[in-house]
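Please look over the model shown here. The report that follows goes through selected strands, residues and backbone features in turn.

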Amino acid sequence: MSGLVGYIGERNAKETILEGLKKLEYQGDSSGIAILGNGVAVYKEKGKIQDLEQSIQAEKLTGTAGIGHTRWATRGKPNRMNAHPHQSRSGRFVLVHNGMVQNDAELKKKYLPEVKLMSETDTEVIVQLVEYFQHQGMDVEKAFRRVLNELQGTFSLVLVDAQDPDTLYAAKNKSPLVLGIGHGHENMVASNTMAMIHVTNQFKDLRDKEYVILSRDAVEIKDFKGQKIDRQTYTVNWDASSTDKGNYEHFMLKEIDQQPTVLRNIIKEYRNKDGQLRAGDHLDHMHIPKRIYIVACGTSYHAGLAGKRLLEQVARIPTEVHIASEFLYGQPLIEADSLFVFISQSGETADSVGVFNNMKQLGHPTLAVTNVEGSTLYREADYTLLTHAGPEMAGASTKAYTAQVAVMAILSTYLAERQSLQTGLDVFYELQKVSRAMETLQGLKDQAKQIAHQFLKGGKSCFFIGRQLDHTVCLEGALKLKESSYIQAEGYAAGEFKHGPIALIEEGTPVFVLITDESTASIMRNNIQELDSRGANICVLAAEGISEPGDAWVLPKVHPLLTPLVTVIPLQLIAYYAALALGREVDKPRHLTKSVTME
Ligand code: M6R
């Protein structure tokens, strides 16, 4: 959702913070920065980071400590007044905040009845409260801690004091916050490691109900009672170039193109030198469950649907897949002896984390399949499998999906091996084959562009239909198209289409059809004829061996359980070129935030 960055060190804080914010700006509606020096200078702007950057271009901000924020409006309109940082009445304390405080109205009434708030945000109450308690005679740390103990809700926040350019105060409760440990005299804090990777790849976690005092040479972590906490530093093997576009115009295309490399990385990470699968020693203690529940959101949910097929067919374990936000308020009957698998690129998605906390509390074992080391799910799950996709910067997820499906194939094989089952899936060999197939498909960008122009340039609503695994990819193809091009798109099980949606077919309605399974190919061809005779504009993507003349795309043949890894590539490319043709902001779709950290 919103993003925040705090820096203290020897570099120019304005440049360092702006660079971090740009890595976080999925579609911030406003942003702001505060630089410490001789007092504190605060600047805010409606719009993007670039707007803020431009408006402060001429300012000589040489300070080496400060905070910045990019806002995704929750309470109060996106405008300069509501943009962060917010300041206390005297201007001494300045604060940026992610999350939502529930009891701000009560706190305002109790402690700040006289104070006239300048914004509509809950955040302003927090910073006014720090000043209030400091005026009651507390030192700044005590006042900060007192406020933290008063707050109810979710927050990650960073505070600076205009009278102390050598200290930042940060805290976390149910909203992401990570500490970046600099190499020299510098330290950082941000809502995401990506915002700090240009400074360091060494991090420390901050857990819920903890705060940290940062100076140039030290970070001191404490709990909300003020007890000191020791926390280990870990290294993330991402470098600064992995968060740059390189020669690409957009991250989305770069990330689509990275998929074969990601697959090879995954193979490298999960295969030992003898060619055997190594899932990590910690997994060897895991009991083989009777049932698996996969819980996820969005694209990760679609990867879960492919994962279900793998777990059932390879590891022979009955598996259910649930949308996290639905599970949260309508828990199904859970079988004893179950494993909960949470799939999440960010490892921070609020709905998934919500279910995770509930299931942990009920004592169910949990396994996180995530891309972000140090994320909440990574830290707190009993077992973890990293997807090794590298930072995903585009709003629309692409390489995270294929990495998740590949890791689900590895997990399925691992669970099969633990039960001494014949898998029928030589997972590393087949993934190698997939990575080559992906490369072939990526060579066909002109074809994707032509399809996007031919079928989608008019921006008409469209459908994606297929059966079984193809249906799961249709859901993902439709999601990719709607979020990147804003075209109304629905993924449907082909057999269900006649039960209602067919009424929406008009002359020229685009319908994308996926056919990779020989056993349903002929029935799919019948479905196509039915649509064709009703005027649909049909684009068939079919696998080698079952394709027919007139099909728009022939897909390389891979193992039947791994077809989502190849069928998704043309759909990602078509979504990309449709977005481009319609002049959309490809990497930062409107209203969308990369990591949905609030329910
Ligand atoms: O970080 P997560 O995988 O938990 O995120 C889940 C969804 O928010 C995410 O996949 C979203 O649907 C993307 N915009 C899809 O491109």
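## Cysteines

Is C474 buried or exposed? This is a predicted model, and in it C474 has a relative accessible area of 0%. The cut-off for buried is under 20%, so C474 is buried.

The count of disulfides is zero. C474 is in none, and the nearest cysteine sulfur, that of C462, is 11 Å away.

Strand β1 covers residues 3–8 and pairs with β10 over four bridges, in the antiparallel sense. Here V5 has A190 of β10 as its bridge partner.

Strand β9 spans residues 178–181. In a regular strand, side chains alternate between the two faces of the sheet. In β9, V178 and G180 point one way, while L179 and I181 point the other way. All four of these residues are buried.

On one hand there is β10 (residues 187–190), antiparallel to β9 and joined to it by four bridges. A hairpin of five residues connects β9 to β10. On the other hand there is β11 (residues 202–205), which pairs with β9 over three bridges, again in the antiparallel sense. What does L179 stand opposite in β10? The residue is V189. In β11, L179 has K204 as its bridge partner.

## The seven-strand sheet

A second open sheet contains seven strands with antiparallel pairing. The order runs β5-β6-β7-β8-β12-β13-β14. Its edges are β5 (86–87) and β14 (228–229). Each edge strand has a single partner, so one side of each has no neighbour in the sheet.

How many bridges join β7 to β8? There are seven, linking residues 153–161 of β7 to residues 164–173 of β8 in antiparallel fashion. D161 has D164 of β8 as its bridge partner.

## A buried glutamate

E348 sits in the loop between β18 (338–344) and α10 (350–361). It is buried, yet it has no salt bridge. The nearest side chain of opposite charge is that of R379, 4.9 Å away. A salt bridge needs a separation within 4 Å.

What does the side chain of E348 make a polar contact with? The partner is the side chain of T376, at 2.6 Å. Leaving out residues up to four places away in sequence, E348 touches P176, V353, S375, T376, S595, V596 and T597.

Q128 belongs to helix α4 (residues 123–135). Why does Q128 count as buried? Its relative accessibility is 4%, and the cut-off is under 20%.

Beyond residues up to four places away in sequence, Q128 touches Q87, S88, R89, L112, V115 and L117. K480 is 352 residues from Q128 along the chain, and the C-alpha atoms of the two are separated by 42 Å.

## Backbone features in loops

The peptide bond from H84 to P85 is cis, with omega near 0°. P85 lies in the loop between β4 (65–71) and β5.

K209 is not a glycine, yet it has a positive phi of about 60°. It is found in the loop between β11 and β12 (210–214). K209 is partly exposed, with a relative accessible area of 46%. Y486 is not a glycine either, and its phi is positive at about 65°. Where does Y486 lie? It is in the loop between α15 (469–485) and β22 (489–493). At 23% relative accessibility, Y486 counts as partly exposed.

Conventions
Residues are numbered from 1 along each chain as its sequence is written. This is a predicted model: local features need pLDDT of at least 70, side-chain atom pairs count only at pLDDT 80 or more; totals for chains, interfaces and linings use all residues. Side-chain values use heavy atoms; hydrogens and water are left out. Buried means under 20% relative accessible area, exposed over 50%, partly exposed in between (1.4 Å probe, protein chains only). Helices (H or I, at least four residues) and strands (E, at least two) are DSSP runs, numbered from the N terminus. Two strands pair if DSSP finds at least two bridges between them. Lys and Arg count as positive and Asp and Glu as negative; His and the chain ends are not counted. A polar contact is a pair of N or O atoms within 3.5 Å; within protein, one must be able to donate a hydrogen and the other to accept it, and residues adjacent in sequence count only if both atoms are side-chain atoms. Contact means heavy atoms within 4.5 Å. A disulfide is a pair of cysteine sulfur atoms within 2.5 Å.
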